[in-house]
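Dear colleague,

Please find below the structure I promised to hand over. My notes on it follow directly after.

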Amino acid sequence: MSELDGLIKRVRGKLRGGEPEVVLTAAEAGAVFDELGRLLQSSDRLRRQNRRLRLKLQRAGLGDDAPGEADEA
């Protein structure tokens with residue numbers, strides 16, 4: 001188990017236990033924000049790839065969505 005996995009397990013345990021506050025060290029908060037940044041970057045990259053594929057399918061006449069319809073969601 002990675003350090004981040006251990007941190008997540010510990011924080012979730014406290015939240016489930018009804019703890020009103022959870023304290024993180026600066027290093028733990030940094031690890032959480034680093035992971036969030038990686039996840040956001042990955043999500044953005046996948047969103048762009050999906051959009052390119054949808055547009056490519058629409059141009060080929062194989063797409064089910066009307067142009068721009070999925071982008072508005």
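The model is predicted; local features need pLDDT of at least 70, side-chain atom pairs count only at pLDDT 80 or more, and totals for chains, interfaces and linings use all residues. Residues are numbered from 1 along each chain as its sequence is written, and side-chain values use heavy atoms, with hydrogens and water left out.

The protein chain holds two helices and zero strands (DSSP runs numbered from the N terminus, helices being H or I of at least four residues and strands E of at least two). Of its 73 residues, 4% count as buried (under 20% relative accessible area; exposed is over 50% and partly exposed in between, with a 1.4 Å probe and protein chains only). The accessible surface of the chain is about 6300 Å², and 54% of this belongs to carbon and sulfur atoms (Shrake-Rupley method, 1.4 Å probe; for residues, only the protein chains shown count as cover).

The salt bridges number three. Arginine 38 and glutamate 35 both lie in helix H2, three residues apart, or about one turn of the helix. Arginine 38 is partly exposed at 48% relative accessible area, and glutamate 35 is partly exposed at 24%.

Arginine 47 also forms a salt bridge, with aspartate 44, and their closest N and O atoms are 2.8 Å apart. These two residues are separated by about one helical turn because they stand three residues apart in helix H2. Aspartate 44 is partly exposed, at 34% relative accessibility.

A further salt bridge joins the side chains of arginine 10 and glutamate 28 at 2.8 Å, N to O. This pair links distant parts of the chain, with arginine 10 in helix H1 (residues 3-16) and glutamate 28 in helix H2, 18 residues apart. Arginine 10 counts as partly exposed at 30% relative accessibility, as does glutamate 28 at 22%.

Finally, Phe33, Leu36 and Leu39 form a nonpolar patch on the surface, with about 330 Å² of accessible area together. Patches are made of residues with over 30% relative accessible area and no salt bridge, like charges being joined within 9 Å and nonpolar side chains (Val, Leu, Ile, Met, Phe, Trp, Tyr) within 5 Å. Leucine 39 is placed in helix H2 (residues 26-59).

With kind regards

Conventions: A salt bridge is a side-chain nitrogen of Lys or Arg within 4 Å of a carboxyl oxygen of Asp or Glu.
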